Amino acid sequence: MNIIEVKNYDEMSLKAAEYIINRVKNNLNLNLGLATGGTPKGVYNKLIEDHQQNHTSYKQVKTFNLDEYIGLSKEDSNSYHHYMNENLFQHLNILNENTHIPSGLNDDNEAECRKYESLIIEAGGIDLQILGIGANGHIGFNEPGTSFHSKTHVVDLAQSTRKANARFFHSLDEVPTQAITMGIQTIYQSKEILLLASGKSKQDAMVKLLSGEITEEFPASILNNHPKALIIADEEALFRVKEISIF
Ligand code: F6R
């Protein structure tokens, strides 16, 4: 696992966007794994700016998002479908049929999970997966204790995750209690992984991630074993790591 330290959120966003653009230019048929949340918003803005200025094309790119809340329709303003359309897809020349996000509204969630897993495999696997990280080490919605062998599955969201995400809803009660997420194995099988972290709320997670201990109690720790994982983190996120000299 390699680390690039950057000054702040803006620099993290720029570096990550440059990294992604480079991959898109070198592989027109890139399968790109995407995340939602606060962390990648700046990256998506930079991808849009680049698309407008330099016309980087996403016409043949396929995307696979990590997760979606169960119970929210695609049109719901808190769904990850809506987030992706607003923050990225509608501003690029990506084809709608090439963007994939698990459906949070269907009759059979288990079948939806199997279908999603097959879609990724049929596409040839994910070339580059973008990740944020939860304070408890979650990646996607894989909470502590999730098996490292898990594939796309239904999860009960940890209360800490619901609280962290309540900022996007009117109240905590509105935050769904379940989601569909790529499993840890699904994520780990990506050929390349780019994890982004910015700000004080990620300091403890960075300490645990970079301590090198690999445990299902801290899902992101599996990335220590990945042959091609890169972290781009800002000074604030790495502050405690440097204080205790593990980086
Ligand atoms: C989002 C996702 C989550 C977030 C994580 C960090 O699709 O899967 O794992 O990456 O909760 O969220 P932010 O970026 O809001 O701190």
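Helices here are DSSP runs of H or I with at least four residues, strands are runs of E with at least two, and both are numbered from the N terminus. This is a predicted model, where local features need pLDDT of at least 70 and side-chain atom pairs count only at pLDDT 80 or more, while totals for chains, interfaces and linings use all residues. Residues are numbered from 1 along each chain as its sequence is written, and side-chain values use heavy atoms, with hydrogens and water left out.

**View 1. The largest pocket and helix α5.** Helix α5, residues 159-165, puts four residues into the lining of the largest pocket and gives the most to it. A pocket is an open set of points on a 1 Å grid over the protein atoms alone, where a 1.4 Å probe fits, with protein on both sides within 12 Å along at least five of seven lines; lining residues have an atom within 4 Å of a point. Of its 27 lining residues, Ile133, Gly134, His138, Asn165 and Lys202 lie nearest the centre. The lining splits into ten nonpolar, 14 polar and three charged residues, with Gly counted as polar.

View 2. The ligand sits in the largest pocket, meaning more than half of its atoms lie within 2 Å of the grid points. Around the ligand are 13 residues, with Thr39, Asp67, His138, Gly140 and Lys202 the closest; a residue counts if one of its heavy atoms is within 4 Å. This shell has three nonpolar, seven polar and three charged members.

View 3. Thr39 brings a polar side-chain atom to 2.4 Å from a ligand oxygen, and a backbone N or O atom of Gly38 lies 2.8 Å from one. Arg167 has a side-chain N or O atom 2.9 Å from a ligand oxygen. The protein buries 92% of the 410 Å² that the ligand exposes when taken alone (Shrake-Rupley, 1.4 Å probe).

**View 4. The second largest pocket.** This one holds about 260 Å³ of space. Its lining includes Lys74, Phe89 and Asn96, and α3 (80-87) and β5 (99-100) each supply at least two residues.

Terms used. Polar contact = N/O pair within 3.5 Å; in protein donor to acceptor, adjacent residues only side chain to side chain. Points joined across faces, edges and corners; volume = space filled by probe spheres on them.
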